[in-house]
Amino acid sequence: MKLTLNAPLKRSYWLQSAEPNLQPGATLQGEHQADVVIVGGGFVGLWTALTLKQHEPDIRVLVLEQDVCGGGASGRNGGFVMSWWPKVGTLAGFCTPQQTRFLGDSAEHAISELGEFCQRHQIDAHFRQKGWLWTATSPAHIDTWNATLKACERVGVAPFERVSAAEVARRTGSKVHLAGVFERSNATVQPAALVRGMRRVALEAGVLIAENTGVTAIEPGAPVQVTTQQARIRAGAVVMATNAWAAALPELARLITPVNSAIVVTEPIATRLEQMGWTGAESITDSQLMVDYYRTTVDGRIAFGKGTGAIAYGGRIGPVFSFDPPSIALAEADLRRTYPMLNDVHITHTWSGPIDRTYDSLPTFGRLGEQGNIHYGIGWSGNGVGPSRLGGRILASLALGRNDQWSGCALVGRTCKAFPPEPLRYLGGTLVRNAVIRKERAQMAGRPAARLDCMLARLAPAGLEDKS
């Protein structure tokens with residue numbers, strides 16, 4: 001099992017502001033032994049490490065991170081802490097009603113848990129639990145959430161509140177928003193401050209963390225042999241928590257495809273935001289498949305992201321997932337369209353990042369190798385900040401061989417629709433992506449989309465929300 005892991009090239013605004021002089025920790029060298037080796041020092045890897053230490057305080061846990069903790073997707077996202085209620089219809093498609101409710105309730109509870117974790121450990125991650133607005137910015141998108149609301153009713157929950165057109169325009173500060181629903185439980189964070197704080201807590205708990213230590217090979221067996229450029233580790237179990245970088249493993253590449261997302265951040269404009277009426281600190285997404293997602297920061301900036309869907313041949317994580325000018329241009333264009341009154345406001349930071357997209361936009365967990373001691377959790381699909389807490393519980397239980405509600409949940413070992421092999425994946429994915437761009441541009445302009453573009457767009461993987 002070979003890994004080729006290339007570190008991101010450009011730091012996000014979140015990492016730059018959280019630790020301006022950030023440098024990787026020491027590279028691991030020599031021969032080592034560990035009970036559990038975790039590959040990846042982001043949210044999933046660190047939650048897994050912390051959960052392992054909660055279950056067995058004396059266990060020897062080693063986290064291997066190719067860059068710095070938070071250098072990948074965990075420090076590059078929009079900082080939305082969301083539940084799985086927008087995906088309740090998809091959950092119900094492979095879960096029993098009881099499992100659907102369990103996973104939905106657990107993901108919602110993980111949001112407030114995260115705030116309590118930050119408070120308990122004095123992590124200043126700017127946690128603000130002010131809710132999330134799911135909006136329509138085109139007539140074609142109005143009421144696309146109706147099927148999701150009905151699916152929630154079937155499992156006995158009502159997390160969404162309908163918001164009138166006038167109210168959603170007032171709360172978002174833009175008349176582009178034509179309708180919406182509000183989920184009160186959701187929050188925002190400064191994601192890099194969170195992951196760096198988690199790193200500190202993990203170190204204090206006795207977790208060993210080696211940054212600047214990329215894994216070059218994993219040899220299945222009992223024990224597993226993990227090789228880096230300067231070290232070799234014998235491990236009782238291995239947890240793969242590499243997000244989109246999991247596409248480097250042929251065994252996992254068929255389950256996910258790495259896609260690009262891009263974010264632009266404005267200069268501080270607190271007074272302008274107050275004049276616009278966007279003062280409630282709600283996070284916002286629209287209903288495009290190539291979704292726009294945006295929120296304000298504690299210092300009065302707008303962080304505006306777009307899931308642009310750019311891909312790379314063979315799923316290789318290269319510059320398109322660090323800084324991709326065409327994707328960034330798409331994000332800025334949608335910012336200017338949504339808030340035309342801010343066309344004079346300067347963009348101060350831009351970057352791109354990878355998303356490990358599954359076909360249904362929910363994660364999947366399982367085991368690799370005959371020994372069953374190599375575990376993975378992949379496919380966070382752009383919504384990992386909150387649910388990664390559950391991922392840590394699932395992976396910790398799998399690594400310890402525990403038979404509990406987490407190792408036995410419906411996300412473990414589930415059957416996922418596979419992506420096609422190359423070159424069909426890249427060629428077909430690019431064709432579909434371009435059709436989605438044309439279709440959504442037409443809809444946002446109030447024009448009917450071409451029939452062929454609509455047909456091709458239906459082949460795209462599911463989005464952040466289940467839409468009717």
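**The sheet and a helix pair**

Author: The open sheet has eight strands in the order β5-β6-β4-β13-β14-β15-β12-β16, with mixed pairing. Strands are DSSP E runs of at least two residues, helices H or I runs of at least four, numbered from the N terminus, and two strands pair if DSSP finds at least two bridges between them. This is a predicted model: local features need pLDDT of at least 70, side-chain atom pairs count only at pLDDT 80 or more, and totals for chains, interfaces and linings use all residues. Residues are numbered from 1 along each chain as its sequence is written, and side-chain values use heavy atoms, leaving out hydrogens and water.

Reader: Which strands stand at the edges?

Author: β5 (160-163) and β16 (347-357); each has a single partner strand, so one side of each is left without a neighbour in the sheet. The twist averages 20° from one strand to the next.

Reader: How do β4 and β13 run, parallel or antiparallel?

Author: Parallel, with three bridges joining β4 (residues 132-136) to β13 (residues 283-285). Trp132 stands opposite Ser283 in β13.

Reader: Switching to helices: at what angle do α2 and α11 pack?

Author: About 55°, with the axes of α2 (residues 43-55) and α11 (residues 388-400) 7 Å apart. Axes are lines fitted to C-alpha atoms, for helices over the stretch in contact (heavy atoms within 4.5 Å), and angles run from 0 to 180 degrees between N-to-C directions.

Reader: Which residues of α2 make the contact?

Author: Among them are Phe43, Trp47 and Leu52 of α2, with Arg389, Leu395 and Leu400 among those of α11.
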